Amino acid sequence: MSNTTQPNPTRLYRHALSGHAHRAQLMLSLLQVPVELVDVDLAAGEHKSPAFLARNAFGQLPVLEIDGTVLADSNAILVYLAATRDPQRQWWPEDARTQAEVQRWLSAAAGPLAHGPAAARVAHVFKRPPNPQAHAIATGLFGVMEQHLGQQPWLAAEHATIADIALYTYTAHAPEGGIALAPWPHIQAWLARIEALPGFVGMQRSALPTEA
């Protein structure tokens, strides 16, 4: 996807193996928003350069330039895109009850998903010190998700919302951190439903750990 001929193109600063960046890219694709993907060299420390820190003082991916503004944080980007690019408000419903349910899962994405499946994967993919609690946290989260998805097809509503997008990537790629998905059939079926959505785009996979 590219819109470089426009005077103010939409740009997503990302890394191909970043799940946070992927959830923003996936949302852009599902909403059919043309975007220029700008790869940031994490190994070279580009995300800590003055130029990048001017876009996001936390030095983290992703960063989205859109509508003449700069947005950081993947969940914030999901909310913005759903509020401005989806007239039907499917992805970020307007009723307070559903918004609260969506927010509950966005918090899960920033909490147990980040400290469980994502942390286990980061330790393997980016060769960082492992979190000894990551697998236990992942098991707890997946247990809740499995029970919930056994009762309804989507996390926060009767249809897909940004809650599903926020939880998708690091769940789908949990095996890259040595966390198997085989014990969770309802989660696997949910992942397949997301992957069947028009406009779905996957994230590049890394090599699986030998124990997965």
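Predicted model: local features only at pLDDT ≥ 70, side-chain atom pairs only at ≥ 80, totals over all residues.
Next comes the question of which residues of α4 are buried. They are T98, E101, V102, W105, L106, A108 and A109. Seen down the axis of α4, these buried residues fall within an arc of 155 degrees, so they line one face of the helix. The face turned away from that buried side carries the exposed residues A96 and R97. Here, buried means under 20% relative accessible area and exposed means over 50%.

What do the buried residues of α4 pack against? Their partners are α1 (19-30), α3 (74-84), α5 (112-125), α6 (134-149) and α7 (162-172). Two of these partners, α6 and α7, are taken up below.

Two packed helices are described by the angle between their axes and the distance between the axes. For α4 and α6, the axes come within 13 Å and cross at roughly 150 degrees. An angle over 145 degrees counts as roughly antiparallel, and α4 and α6 are therefore roughly antiparallel to each other. Their crossing is left-handed. On the α4 side the residues that meet α6 are E101, R104 and W105, and on the α6 side they are V144, M145 and H148. Of these, E101 and W105 also belong to the buried set of α4.

Helix α6 has a second pairing to look at, with α5. These two helices pack at an angle of about 125 degrees, and their axes are 8 Å apart. That angle makes α5 oblique to α6. As with the previous pair, the handedness can be stated: α5 passes α6 in a left-handed crossing. From α5, the contact is made by P112, L113, H115, G116, P117, A119 and A120. From α6, the residues involved are A134, H135, I137, A138, L141 and F142.

Helix α7 is another of the helices that α4 packs against. Is α7 enclosed or open? In α7, 11 of the 11 residues are buried, so the helix is largely enclosed by the rest of the structure. The buried residues run from I162, A163, D164 and I165 through A166, L167, Y168 and T169 to Y170, T171 and A172. They pack against α1, α3, α4, α5, α6 and α8 (185-195).

The loops can be read in the same way. T161 lies in the loop between α6 and α7. Its relative accessible area is 0%, so T161 is buried. Not counting residues up to four places away in sequence, T161 touches Q90, W91, P93, V102 and A156. One of these, V102, is a buried residue of α4.

R89 is found in the loop between α3 and α4. At 17% relative accessibility, R89 counts as buried because the limit is 20%. Leaving aside its neighbours within four places in sequence, R89 is in contact with A82, A83, E94 and Q99.

V201 has its place in the segment after α8. With 24% relative accessibility, V201 counts as partly exposed. Its contacts, leaving aside neighbours within four places in sequence, are H22, Q25, L26 and S29.

Some details of the backbone remain. Where is the peptide bond that is cis? The bond runs from L61 to P62, with omega near 0 degrees. P62 has its place in the loop between α2 (50-53) and β3 (63-66).

D67 is found in the loop between β3 and β4 (69-72). It has a positive phi of about 55 degrees although it is not a glycine. D67 is partly exposed, with a relative accessible area of 46%.

D73 has its place in the loop between β4 and α3. The phi of D73 is also positive, at about 85 degrees, although D73 is not a glycine. At 45% relative accessibility, D73 counts as partly exposed.

Note on methods
Residues numbered from 1 in each chain as written. Heavy atoms only, no water. Buried < 20%, exposed > 50% of the residue type's maximum accessible area, 1.4 Å probe, protein only. Helix = DSSP H or I, 4+ residues; strand = E, 2+ residues; numbered from the N terminus. Arc of directions from axis to C-beta. Contact = heavy atoms within 4.5 Å. Axes fitted to C-alpha atoms, helices over the stretch in contact; angles between N-to-C directions. Parallel < 35°, antiparallel > 145°, perpendicular 65-115°, else oblique. Left-handed = near helix turned anticlockwise from the far one by under 90°.
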